[in-house]
Amino acid sequence: RPSRFLPKPLPLARNGDELLQFSAPQRRWRVRSWQGPERISGSWWDEAFDRDYYQVETEQGRRLWLYTTAGSAASTVWLQGYFD
């Protein structure tokens, strides 16, 4: 698991091999590789979830932990944390 978790997942737009964060601070990453998915499902506060998690390595050398909601459009991913 990542060493740093975000307090709230951030939505990112996926455009080819780029990930774009529009909320401040705005960021752009070029993806080198995707590893996964790892399916995690369960319930939290009486709400079920079903997510596919990925470890993403960027060209800048960052390792991100992202997820998509199973069955959702692949153009939106959520940044959940960072690997150090």
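Biologist: How many residues lie between S4 and S5 in their hairpin, and which glycine in the turn has a positive phi?

Modeller: This is a predicted model, so that should be kept in mind throughout. The S4–S5 hairpin has 4 residues between its strands, and the glycine in the turn is glycine 61, with a positive phi of about 90 degrees.

Biologist: How many bridges do S4 and S5 share, and in which sense do they pair?

Modeller: They pair in the antiparallel sense, over 7 bridges. Within that pairing, tyrosine 53 has tyrosine 67 in S5 as its bridge partner.

Biologist: Is S5 mostly covered or mostly open?

Modeller: S5 is mostly covered, with 5 of its 7 residues buried. On its pairing with S6, the two strands run antiparallel and are joined by 5 bridges. Arginine 63 has phenylalanine 83 in S6 as its bridge partner.

Biologist: Turning to aromatics, how many aromatic pairs does a search of the whole structure find?

Modeller: The search gives 5 aromatic pairs. One of them joins tryptophan 34 and tyrosine 54 in an edge-to-face arrangement, 5.3 Å centre to centre with 85 degrees between the planes. That pair links distant parts of the chain, since tryptophan 34 is in strand S3 and tyrosine 54 in strand S4, 20 residues apart.

Biologist: Why does tyrosine 54 count as buried, and why is tryptophan 34 only partly exposed?

Modeller: Tyrosine 54 counts as buried because its relative accessibility is 18%, and the cut-off for buried is under 20%. Tryptophan 34 is partly exposed because its relative accessible area is 28%, which falls between the limits of 20% and 50%.

Biologist: And how are tyrosine 53 and tyrosine 67 arranged as an aromatic pair?

Modeller: Their pair is tilted, at 5.2 Å centre to centre and 45 degrees between the planes. Tyrosine 53 in strand S4 and tyrosine 67 in strand S5 are 14 residues apart, and this pair too links distant parts of the chain. Both tyrosine 53 and tyrosine 67 are buried.

Biologist: Which residues form one aromatic cluster?

Modeller: The cluster consists of Phe5, Tyr53, Trp65, Tyr67 and Trp78.

Biologist: New topic: how many residues make up the largest nonpolar core?

Modeller: It has 12 residues in all, among them Leu6, Trp29, Tyr54, Val56, Leu64 and Tyr82. Strands S1, S3, S4, S5 and S6 each supply at least two of its residues, and the largest share, 3 residues, comes from S6. In soluble globular proteins, nonpolar side chains tend to be buried together.

Biologist: What does valine 56 touch, leaving aside residues up to four places away in sequence?

Modeller: With those left out, valine 56 touches Leu19, Val31, Ser33, Trp34, Arg62, Arg63, Leu64 and Leu66.

Biologist: Lastly, which strands pair with S1?

Modeller: S1 pairs with S6 in the antiparallel sense over 6 bridges, and proline 11 stands opposite tryptophan 78 in S6. S1 also runs antiparallel to S2, residues 18–21, with 3 bridges joining the two. There, asparagine 15 stands opposite glutamate 18. The S1–S2 hairpin has 2 residues between the strands, and glycine 16 takes a positive phi near 65 degrees.

Note on methods: Residues are numbered from 1 along each chain as its sequence is written. This is a predicted model: local features need pLDDT of at least 70, side-chain atom pairs count only at pLDDT 80 or more; totals for chains, interfaces and linings use all residues. Side-chain values use heavy atoms; hydrogens and water are left out. A nonpolar core is a set of buried Ala, Val, Leu, Ile, Met, Phe, Trp, Tyr and Cys residues joined through side-chain atoms within 4.5 Å. Buried means under 20% relative accessible area, exposed over 50%, partly exposed in between (1.4 Å probe, protein chains only). Contact means heavy atoms within 4.5 Å. Two strands pair if DSSP finds at least two bridges between them. Rings of Phe, Tyr and Trp (its six-membered ring) pair if their centres lie within 6.5 Å; planes under 30 degrees apart count as stacked, over 60 as edge-to-face and the rest as tilted.
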